[in-house]
Amino acid sequence: MSEQLPEIVVSILWAGVLAYAIFGGADFGSGFWDLTAGGDRAGAAPRARIDRSIGPVWEANHVWLIFVLVFLWTGFPEPFAAIARTLYLPLIAAATGIVFRGGAFAFRKSSTTLGEARFFGALFASSSVITPLFLGAAVGGIASGRVPLEGTGHLWTSWINPTSALGGVLAVGTCAFLAAVFLTRDSDRDGEAELAEWFRRRALASGVVVGAVALVGIAVLETDAPTLADTLLEGRGLVLVSLSALSGGATMWALARRSFTVARLPAVAAVSTIIIGWGVAQYPWVLVDEIDIDAAAASDPTLWGLLIAFGGAAVLVIAPLAWMLRLSDTGALSESADRPDSSSAVLERLRSESTRG
Amino acid sequence: MLPVAALTAPVLAAAETDLLAARWMMALSLGFHIVLACLGVALPTIIWIVHRRGLRNADHDALLLARRLGKVAAVLFAVGAVSGTVLSFLMGLLWPGLMGDFGDVIGLAFAFEGIFFFLEAIFLGIYLYGWKGLPARIHLATLIPIGLSGVFGTLCILAVNGWMNTPAGFDIDTYLATGEVTDVDPWAAFFNESLWPQFAHMLPATYVVAGFGTASIFAIGWLRGRRDRLHRLGIVIPLVVGCIAIPIQVITGDIVARHVADTQPAKFAAMEIHEETGPAGLALFGFESGGEIRAKVEIPGLTSLILDFDPDATVTGLDAIPDDETPPVNVVRFSFQLMIGLGVAMLAAAAWVGWRWWRTREIPLGDGFVRWVVVALGPASVLAVWAGWTTTEVGRQPWIANGVLRVSDAVTDNTVAPFLAGLIVVYVGLGASAWFVLRRLAARWNAGEEVATPYGPRPAATPAGDVDTSPAGRERVR
């Protein structure tokens with residue numbers, strides 16, 4: 001077991017990346033549609049929808065990033081330090097985006113005038129695009145082998161290069177696509193037919209764009225990130241890429257048929273398979289062409305500790321998380337005005353009991 | 001020789017500027033985050049007490065207060081989450097020397113902290129949005145895991161900070177000789193000897209800050225004439241929470257001081273401006289100037305007596321600490337005194353509240369008390385926390401991991417100075433926005449309106465009976 005320990009920890013780390021890409025990604029994408037929803041009047045309905053859909057969940061979805069960071073620096077401290085040294089510019093930009101996004105979303109939620117809501121909304125929405133763009137660019141730097149283990153890689157070209165550009169655009173695009181699919185279904189569930197149609201058109205359009213970018217991306221990787229491209233386009237990598245393409249197609253088909261609840265599954269599958277594909281393609285490298293998993297891994301006791309932390313998380317977190325996602329999915333966490341407070345019912349009962357007694 | 005010196009001098013100067021900038025970035029981020037973290041840990045408990053009272057006593061005011069505090073907590077928690085994320089980025093970006101060498105030693109504590117933060121975020125989301133869709137009792141119960149997560153999260157973070165004060169969980173001798181980290185034991189690193197004293201001192205601090213801070217805000221409203229039951233509850237309940245926590249914090253502070261004297265003599269000598277190794281007196285006032293301690297008033301033997309129950313017990317003095325391992329004495333001394341002074345003042349206020357309650361079964365809300373004492377308690381508690389963290393962090397200098405790794409060896413080679421300005425702008429913007437939004441919310445509440453965010457312009461004139469039932473319309477009229 002202990003020989004496979006680094007691999008197991010890397011798999012868990014990757015599961016965190018996957019969760020962040022899907023749950024966090026859908027939140028980022030919601031920001032993209034918020035940004036492009038148009039003026040006050042036209043954009044009011046989608047913005048209210050976005051706020052209701054991601055309000056209860058965004059904070060929890062954000063934690064996946066912290067999970068990934070912590071697993072990376074604990075399980076693979078040297079590559080983490082190398083990434084922090086070389087990619088510090090895009091990482092600072094992403095962190096700034098995260099700050100503005102999280103703050104502004106909460107501030108908009110509590111805004112009392114349209115002007116305030118507009119200001120914080122613009123901040124929230126634009127940083128929702130900036131953050132995945134820079135995270136994607138940083139990922140591109142790692143995937144194309146531009147982060148050296150020792151010393152500091154080029155401060156600019158390590159994240160301004162063809163693979164990084166592809167990573168950034170794909171990150172923003174997949175986020176937008178996922179969000180549009182989820183929001184279409186949420187609108188449909190709440191009987192907002194017009195809004196569902198509005199998001200459906202955007203889901204279809206973004207699906208086409210992301211698919212096209214991914215196709216072009218293969219050529220980019222061939223020239224700019226050969227180590228990655230070689231594995232991605234043969235064997236298991238190729239299977240995953242094909243699955244992703246098929247899932248993307250299935251999503252479009254479901255959207256075309258207006259099976260919105262169904263459409264979510266292949267949409268998640270399309271994004272998941274491409275991220276797993278990237279993981280498979282990069283295996284066994286932690287920093288491509290620099291250091292592999294076994295060499296980069298922390299000592300065994302620490303890796304065991306991480307497994308225990310993960311086990312603890314699985315026991316403590318999964319049930320509440322599932323409960324929250326379920327509540328959110330069924331609309332139990334919506335603040336719709338036509339339903340009374342549950343506590344006011346308790347108050348009424350207590351009051352009537354006390355007057356009777 | 002000369003040209004070489006001329007070449008290296010500016011380089012060294014730049015590196016030192018960056019080290020200073022990195023330290024300020026860390027101090028600024030921690031100072032910003034610690035206030036929000038305190039509120040994030042302890043405010044849910046206060047909300048739980050208020051909310052529970054509302055349900056038990058059929059108290060509408062208490063329920064309304066719980067709901068409003070929940071909205072405030074949502075804003076603060078969101079800001080705390082992002083400032084916490086910034087910190088986890090900064091740990092890597094600013095201190096690759098620490099994270100590269102010791103990431104695997106102390107990372108586990110962060111991993112566990114992540115779990116509790118996750119739980120907190122999940123249940124907070126459910127609590128904040130569950131007023132309508134959840135049964136009242138289950139809704140109330142969601143606050144319990146939020147409060148517990150705060151407690152355990154605090155434990156994990158103090159494991160990291162405790163480790164920096166008393167590094168453990170690896171072979172220190174081998175590391176000092178070769179720079180290799182060997183024999184890693186992450187559990188020994190987690191349960192380092194500073195963990196429990198620091199935890200026992202910091203956890204009550206979160207309740208002091210959240211309790212006194214909240215009471216302080218409502219006391220300002222009280223003084224402005226909003227003397228309703230909601231404001232009374234908003235003062236009394238958090239005030240009592242703070243008053244219960246402050247004596248615990250003062251007692252555990254004593255434990256921490258003894259522990260510091262044992263494990264970090266340089267820090268203790270600076271705190272007490274104790275010059276010569278030997279029996280130590282309790283120093284009142286005093287500062288360092290030109291290598292000498294001035295204006296010190298000493299009660300002979302008292303520190304030795306407190307530490308070892310023996311007035312002649314030897315305490316390490318500043319003279320025993322090499323120059324390049326001596327912390328900036330004045331900063332440590334001043335912040336330590338400030339913390340002690342504020343702690344004693346808050347304890348006195350709490351004692352007076354307790355005394356009055358014991359005599360009259362009522363919390364005194366006379367004007368003088370509210371104006372001077374309750375309003376001052378909030379800022380005092382925050383200042384005390386800042387002063388305490390300054391004492392422990394600056395007192396450890398020049399070490400990032402005490403006796404093992406210097407701050408200057410852990411800092412990044414990158415240019416960070418320009419980002420300090422950016423970080424200041426970000427925090428000022430974030431803090432000012434949060435303050436602005438909370439003020440606007442309070443203004444609306446005081447005007448008797450619960451708030452819904454407008455997402456579009458109000459319809460120019462909706463004829464009676466012609467109700468806009470679209471989602472946007474519902475949002476607008478709510």
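Visitor: Which residues of α3(A) and α13(A) meet?

Guide: Among them are W64(A), F67(A) and F71(A) from α3(A), with L306(A), F310(A) and M324(A) from α13(A). By class, the contact has nine nonpolar, three polar and no charged residues. Gly counts as polar here.

Visitor: What makes L36(B) count as buried or exposed?

Guide: Its relative accessibility is 12%. Buried means under 20%, exposed over 50%, partly exposed in between (1.4 Å probe, protein chains only). So L36(B) is buried. L36(B) lies in helix α1 (residues 2-56) of chain B. Beyond four places in sequence, L36(B) contacts L76(B), V79(B), G80(B) and S83(B) (heavy atoms within 4.5 Å).

Visitor: Where does pLDDT stay under 50 in chain B, with zero contacts beyond four places in sequence?

Guide: Over residues 1-12. Residues 461-478 of chain B also stay under 50, with 19 such contacts. pLDDT is the predictor's confidence in each residue, from 0 to 100. Where pLDDT is low, the predicted coordinates should not be read in detail. Chain B averages 84.

Guide: Local features need pLDDT of at least 70, and side-chain atom pairs count only at 80 or more. Residues are numbered from 1 along each chain, and chains are lettered from A in the order written.

Methods
Heavy atoms only, no water. Helix = DSSP H or I, 4+ residues; strand = E, 2+ residues; numbered from the N terminus.
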